[in-house]
Amino acid sequence: MISYEPLWNTLKKKNVSQYQLINHYGVSAGQLSRLRANSHVSTHTLERLCEILDCNLEDIATYKADTKQP
């Protein structure tokens, strides 16, 4: 599973709000909603966030192994 938990820490560190992402940088509210839900987002969105926040991908997302057994 991909977790976007690091994104929220990076936003706080960089002093960038979700409001700013939407209104100043053009990130859609729908994309932020998907990020909050750890849902699928495009690599374009991830790239854009890296550009906005001047950070690396690992500052936005991390992989967590699914612990559920099939």
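## Tyrosine 4 and serine 3

Tyrosine 4 sits in the loop between β1 and α1. In this predicted model, tyrosine 4 counts as buried because its relative accessibility is 4%. Leaving aside neighbours within four places in sequence, tyrosine 4 is in contact with Leu35, Asn38, Ser39, Val41, Leu46, Ile60 and Ala61. Tyrosine 4 and asparagine 56 are 52 residues apart in sequence, and their C-alpha atoms are 13 Å apart in space.

Serine 3 belongs to strand β1. Serine 3 is buried too, with a relative accessible area of 2%. Its side chain reaches the backbone nitrogen of glutamate 5 at 3.2 Å. With neighbours up to four places away in sequence left out, the contacts of serine 3 are Asn38, Ile60, Ala61, Thr62 and Lys64.

## Helix α1

In α1, the buried residues are Pro6, Leu7, Thr10 and Leu11. Viewed down the helix axis, these residues fall within an arc of 140 degrees, so they line one face of α1. An α-helix has 3.6 residues a turn, so residues three or four places apart point the same way. Lys12 and Lys13 are exposed on the other side of α1.

The packing partners of the buried α1 residues are β1 (2-3), α2, α3, α4 and β2 (62-63). Just after α1 comes asparagine 15, which takes a positive phi of about 60 degrees.

## Helix α4

Helix α4 covers residues 43-53, and its buried residues are Thr45, Leu46, Leu49, Cys50, Ile52 and Leu53. They lie on the same side of α4 because they cover an arc of only 165 degrees around the axis. Thr43 and His44 are exposed, on the face turned away from the buried side.

The buried residues of α4 pack against α1 (5-14), α2 (18-23) and α3 (29-36). Aspartate 54 follows α4 and has a positive phi, near 50 degrees.

## The nonpolar core

The largest nonpolar core contains 17 residues. Those with the most contacts inside it are Tyr4, Leu7, Leu21, Leu35, Leu49, Leu53 and Ile60. At least two residues of this core come from each of α1, α3 and α4. Helix α4 gives the most, with five residues.

Leucine 21 touches Leu11, Val16, Gly26, Val27, Leu32, Leu49 and Ile52, not counting residues up to four places away in sequence. Among these, Leu11 is one of the buried residues of α1, while Leu49 and Ile52 are among the buried residues of α4.

How many disulfides does the model contain? The count is zero. A disulfide is a covalent bond between the sulfur atoms of two cysteines. For cysteine 50, the closest cysteine sulfur is that of cysteine 55, at 4.5 Å, which is too far for a bond; the cut-off used is within 2.5 Å. The closest cysteine sulfur to that of cysteine 55 is, in turn, the one in cysteine 50.

Are these cysteines buried or exposed? Cysteine 50 counts as buried because its relative accessibility is 16%, and cysteine 55 counts as buried at 13%. The threshold for buried is under 20%.

Technical notes. Residues are numbered from 1 along each chain as its sequence is written. This is a predicted model: local features need pLDDT of at least 70, side-chain atom pairs count only at pLDDT 80 or more; totals for chains, interfaces and linings use all residues. Side-chain values use heavy atoms; hydrogens and water are left out. Buried means under 20% relative accessible area, exposed over 50%, partly exposed in between (1.4 Å probe, protein chains only). Helices (H or I, at least four residues) and strands (E, at least two) are DSSP runs, numbered from the N terminus. The arc is that of the directions from the helix axis to the C-beta atoms. Contact means heavy atoms within 4.5 Å. A nonpolar core is a set of buried Ala, Val, Leu, Ile, Met, Phe, Trp, Tyr and Cys residues joined through side-chain atoms within 4.5 Å. A polar contact is a pair of N or O atoms within 3.5 Å; within protein, one must be able to donate a hydrogen and the other to accept it, and residues adjacent in sequence count only if both atoms are side-chain atoms.
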